Amino acid sequence: MDILFFLLFLLYFIAIIVGLIKPTSVIRWGNPDKRNRKIVLKFYGIGLILFFVLFGLSINNIDATEEYSGTTNISENDDVQHANNNTKKEEEPFQPENENNEAEAIEEINDDTVVTGNLEVHFIDVGQADSILIKTGSDSMLIDAGNNDDSNIVVNYIKSQGINNLDYVIGTHPHEDHIGGLDAVINTFEISKILMPKQKSTTKTFEDVLTSIQNKGLKVTTPIVGETYNLGQAEWTILAPSQVQYDETNNASIAIKLEYGNNSFIFTGDAEEISELEMIKTGSLKSDVLKVGHHGSRSSTSIDFLNRVNPTYAVISVGLDNNYGHPHSEVIERLNNKNIEILRTDEVGTIIFISDGNNITYTTNKSDVTNVVAIPQPVTEESNIEDNVAAVEISKLDKKGELVTITNLSNEAVDMQGWKLVSVTGNQIFKFPQYSLNSGAFVTVGGYDSIDISDFDWEEGKGIWNNSKSDPAGLYDTNGNLVSEFND
Ligand SMILES: [Zn+2]
């Protein structure tokens, strides 16, 4: 191929040179006879044809090298994959497939989607909100950043993963439970590309995000359905929004499909049925994991959409005892009817999926700690015990419910024996007995008559937290150092 290129280029060069010399000779001697003109035109013609041949070849060449497998053209691969998924989808419930065809098709997919290493998808527990961190090798991206109050949780969680820069940040739509912590993320980390829908909002939260974007000198990229981006060896494609403006802001949510080898994930923000029906038209939606739209509200996860995605796992990012009644029982029923395994952040905390390109496993806060530790996490050399201790924090103070939540955002288990939790107004102190808080896990301490789910109880004869006055919480380690403070 290289020799062919060289010869073509040589011919092109000669043709152009001769073409250049001839007209000057024509002009110089002022003798533009017909024969000369014909020769000049001929050389120009040949030059032009060779130029287009070379141009066409070089375009093909670029396409082939951009694809990580380095063998075939991107659009061809997509066609093969989608066609195969569609066939599978239609035939699956009714009849066995033609064995030969399937074997061939699968071989073809495997050839094009060989990946090395793992992809991790972290559904960070941010209560009634969304925040999803995706990592593969040294590449990472964040979809949403929880409520304003979740800023510290999200920022510290990303830091605890050894991440300093995010390749992509997506603010799915301008509601607080999705972009609340986004300004803190933008202010803290280097960001290569940020995507948000055109849909506008007049809230202070939205203004804060725009200000931080401006201050960082970033430009917002508008999502275009069908556009594909690379994240290391993974690839993600925009599925929604199809329209620029929707009556219901939720429908403006950016939805994407993330593919890693033969595994795939769909993240839909708070997209509702209108957007889901539009997504169906964009191509194959079949995925292993579905981030259930709109925290499990019944306005999302329509039957048609669910049938197309047909996931093995459904993740619902939702707050315990939230005011919206999320997730809706109808949605749970739809998922159960299809035997989809449901994972809820209000039940299991942060959920981490790990894909090797063929198989997906997951761990949660409540999983065996050895599984969590097994996740490869780049730790910076300066990291020491003090850093880890600083990453233990009071993540939530529910004064009415008399419940304090303490989260370990560090990479290691922390020995909390002798640590003190202090209710500042009234100076009530809870002292931890022998206790080790695992990496990524949380522990709850309940006051008087607290909701009966706390790990530890204060056991004082009256309420601990003052509901009418300010009553911050402080967490102190064994040396009496203030580790974390929660101002109510
Ligand atoms: Zn939401």
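Student: Which residues is Ala-255 in contact with, leaving aside its neighbours within four places in sequence?
Tutor: Ala-255 is in contact with Leu-239, Ala-240, Ile-266, Phe-267, Thr-268, Gly-269, Ala-271, Ser-275 and Met-279. The term contact requires that the C-beta atoms of two residues, placed from the backbone, lie within 7 Å. The model is predicted, and local features need pLDDT of at least 70, side-chain atom pairs count only at pLDDT 80 or more, while totals for chains, interfaces and linings use all residues. Residues are numbered from 1 along each chain as its sequence is written.

Student: What makes strand 9 count as mostly covered?
Tutor: Strand 9 comprises residues 255–260, and six of its six residues are buried. A residue is called buried if 20 or more other C-beta atoms lie within 10 Å of its own, exposed if 12 or fewer, and partly exposed in between, with C-beta atoms placed from the backbone. Strands are DSSP runs of E with at least two residues, and helices are runs of H or I with at least four, both numbered from the N terminus.

Student: How do you know that both faces of strand 9 are covered?
Tutor: In a regular strand the side chains alternate between the two faces of the sheet. Ala-255, Lys-257 and Glu-259 lie on one side, Ile-256, Leu-258 and Tyr-260 on the other, and all are buried.

Student: What makes strand 8 and strand 9 a pair?
Tutor: Two strands pair if DSSP finds at least two bridges between them. Five bridges join strand 8 to strand 9, and the two run antiparallel; Glu-235 has Glu-259 as its bridge partner in strand 9. Strand 9 also pairs with strand 10 (residues 263–267), again in the antiparallel sense and over five bridges, with Lys-257 opposite Ile-266 in strand 10. Strand 9 and strand 10 form a hairpin with two residues between them, and Gly-261 in the turn has a positive phi of about 55°.

Student: Which residues have the most contacts inside the largest nonpolar core?
Tutor: They are Leu-142 and Ala-255, in a core of 94 residues. Its largest share, five residues, comes from strand 8 (residues 234–240). A nonpolar core is a set of buried Ala, Val, Leu, Ile, Met, Phe, Trp, Tyr and Cys residues joined through C-beta atoms within 7 Å.

Student: How do you know where this core lies relative to domain 2 and domain 3?
Tutor: Domain 2 (119–364) and domain 3 (385–486) both give residues to the core, so it lies between them. The domain bounds come from an automatic or database domain assignment.

Student: How do you know that the length of helix 8 agrees with its number of residues?
Tutor: The expected span is 1.5 Å times one less than the number of residues. For the 12 residues of helix 8 (residues 204–215) this should be 16 Å, and the end C-alpha atoms are 16 Å apart, which agrees.

Student: Which residues of helix 8 are buried?
Tutor: Phe-206, Val-209 and Ile-213 are buried. Seen down the axis of helix 8, the buried residues fall within an arc of 60°, so they line one face; the arc is that of the directions from the helix axis to the C-beta atoms. On the other side, Lys-204, Gln-214 and Asn-215 are exposed. The cover over the buried residues includes helix 6 (176–179), helix 7 (182–188), strand 5 (190–195) and strand 6 (220–221).

Student: Why are strand 6 and strand 15 placed at the edges of their sheet?
Tutor: Eight strands form an open sheet in the order 6-5-4-3-2-1-14-15, with mixed pairing. Strand 6 and strand 15 (360–364) each have a single partner strand, so one side of each is left without a neighbour in the sheet.

Student: Why is His-295 called buried?
Tutor: His-295 has 24 C-beta neighbours inside 10 Å and therefore counts as buried. Its phi is near 55°, a positive value in a residue other than glycine. Thr-301 has a positive phi too, near 60°, and it is buried with 28 other C-beta atoms within 10 Å. His-295 lies in the loop between strand 11 (289–291) and helix 10 (303–309), and Thr-301 is found in the loop between strand 11 and helix 10.
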